[in-house]
Amino acid sequence: MSSNRESLEICYLPATELSGLIQRKELSPVEVVQAHLARIDATEPTLNSFITLLPDQALADAKTAESEIQSGNYRGPLHGIPITLKDLYYLKGVRNTSGSKIFHDFVPDFDSTITSKLKNAGTVILGKTNTHQFAYGITGENPDYGDMHNPWNPQRITGGSSGGSVSSVASGQSTLTMGSDTGGSIRVPSSLCGLVGLKPTYGRLSRYGLTALSWSQDHPGPMARTVADCAMLMNATAGYDPKDPATSQNSVPDYTGALTGGVKGLRVGVPKEFFEAPLDSEVERAVRQAINLLEQMGAVVKEISWPMYTYAAPIATVIQMAEATSYHADLVRSRGGEYAKPVRLLLEAGFFLSAPQLNRAHQARTLFVNQTLELLQDVDVLAGPMTPITAHKIGATEVTVGSTTMTPRAALTQYTRPYNLSGFPAISVPCGFSAEGMPIGLQLGARPFAEETLLRTAHVYEQATQWHQRRPSL
Amino acid sequence: MSSERSRNKFLSPEGNWEGFLSVAQGAGLDVDDPHMQELYDYIRVVLPGLQAVDELDLSGVDPAMVYFPPQSIISQEPAQPGT
């Protein structure tokens, strides 16, 4: 197989297109991986996307894929496609640091379920990506392995915690990536770096073999440059896993097949509370234009109220703090000084929650889920901004949102918690750029297991716009 | 003093350093670590915001973690009185 395609062009092909070229033997997986490794060489000193790069293994796997395809053993649409994994996903024989030097030398002896599925699908794993330490942060700043840098402006954050994953795909270092989302860690960096990021329904994908943060709010999920690419990853990774008791036995639909059809008659609810919260005017304008476009394409849009929206953050935070502190209890007591300071403080603060307080949060969770389910009887999707601001400078300890000064954490998680708390699916899709050239994201949420509706809506919007075709000038 | 009462006292505007240390020690943290001052200042900022949950009327609401025993386990022995 050989191709005259430019190396950089190969790096920015969507998986849907790359897949066809590989299947038809117009492009070799070896050539594809070589192009991506060259891109990594050129951009990694700036971006710091990776904790562990696997060039030799990736080339070996690419050669295996090439040989299999040549001999007629085609595994499917992901065969030969480069992918990166957030350094929480166990990959047998490769260190899994979870973004902390405490686990610098920890090497798992098994694959996560998702890793296994991706290997069986024939993907080529390029490496393990950088992450906010233990996934317990939203900016992508990491004192142990270095901060992640936004490909659209390397002085700015990627967002987190799946920061290295998104920078690897947004920059063309990889075609696809997998991250995890406990308080926004797929959707926020996707929004800040111009990618599509899907947090599926809780239990749609297996958590087995991923470092946990908050057991009842952790959601593995895909990120890519297009909605269709996310759908491909969902097809390969979703499904029941007996090793994860939270996974659903609901059958897995064909997510790529769900992308057909428009949005005519789709009922879109826009919670007024989203726009009553602090919000940058450029972001608001872009998001409202996106919602208007959906309406022009036939969706029925109406303003609604989500009264418990403002309680999602405190409820979710109590539960997250209790669960994360439980997971890290022994380690933070004995090696607290080795944690990044903000992560250490969050974990230690969890010791100061009481059992009745946690139980009240679980009661409140029931109320929240019930109210949200009721809301989603009258509308099919909820729409609003993904983040109230675009990516800010690395190292900032406060940000200005409209006329309000906030911590980055409070700002960037402003719209994320409802979907982690409820477990309902949500997707971030690019909907514009700021005057400074930084990406803006639109968030859509839906009922449990309505990923098809989310993907179709996001796909229709994406195809009617050109945001997904822009590239950083890196 | 119960941990709940200690917690409420050190979150009050006046604070309660001794109450905070009592809870920290009970949690297994090193109370002689100078870091404790930083933690004290941190939780007095972060934890009050979580008390918004207390505004909700939760009477009669089951927590979202009620235990349901596995349905597939069926005892072969009838229950014995007095055990």
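**View 1. Chain B is built from helices.** Chain B holds 3 helices and 0 strands. Helices here are DSSP runs of H or I with at least four residues, strands are E runs of at least two, and both are numbered from the N terminus. Along the sequence, the pattern of chain B reads α-α-α. This is a predicted model, in which local features need pLDDT of at least 70, side-chain atom pairs count only at pLDDT 80 or more, and totals for chains, interfaces and linings use all residues. Residues are numbered from 1 along each chain as its sequence is written, chains are lettered from A and ligands numbered from 1 in the order written, and side-chain values use heavy atoms, without hydrogens and water.

View 2. Of its 83 residues, 31% are buried. Buried means under 20% relative accessible area, exposed over 50%, and partly exposed in between (1.4 Å probe, protein chains only). A contact means heavy atoms within 4.5 Å. Among contacts in chain B between residues at least 6 apart in sequence, 38% link residues at least 24 apart.

**View 3. Chain A as a whole.** Chain A has 16 helices and 13 strands. Its radius of gyration is 21 Å, close to the 23 Å from the globule rule for 474 residues, so chain A is as compact as a globular protein of that length. That radius is taken over C-alpha atoms, and the rule is 2.2 Å times the number of residues to the power 0.38. Buried residues make up 66% of the 474 in chain A.

**View 4. Two nonpolar cores.** A nonpolar core is a set of buried Ala, Val, Leu, Ile, Met, Phe, Trp, Tyr and Cys residues joined through side-chain atoms within 4.5 Å. The largest core has 133 residues. Those with the most contacts inside it are A:Met178, A:Ile315, A:Phe352 and A:Leu455. Helix H11 of chain A (residues 309-335) gives the most to this core, with 12 residues. A second, separate core has 21 residues, including A:Trp152 and A:Ala391.

**View 5. Helix H12 of chain A.** In this helix (residues 341-349), 7 of the 9 residues are buried, so H12 is largely enclosed by the rest of the structure. Among the buried residues are A:Arg344, A:Leu346 and A:Glu348. What do the buried residues of H12(A) pack against? They pack against H11 and helix H14 (408-412) of chain A, together with helix H3 (35-46) of chain B.
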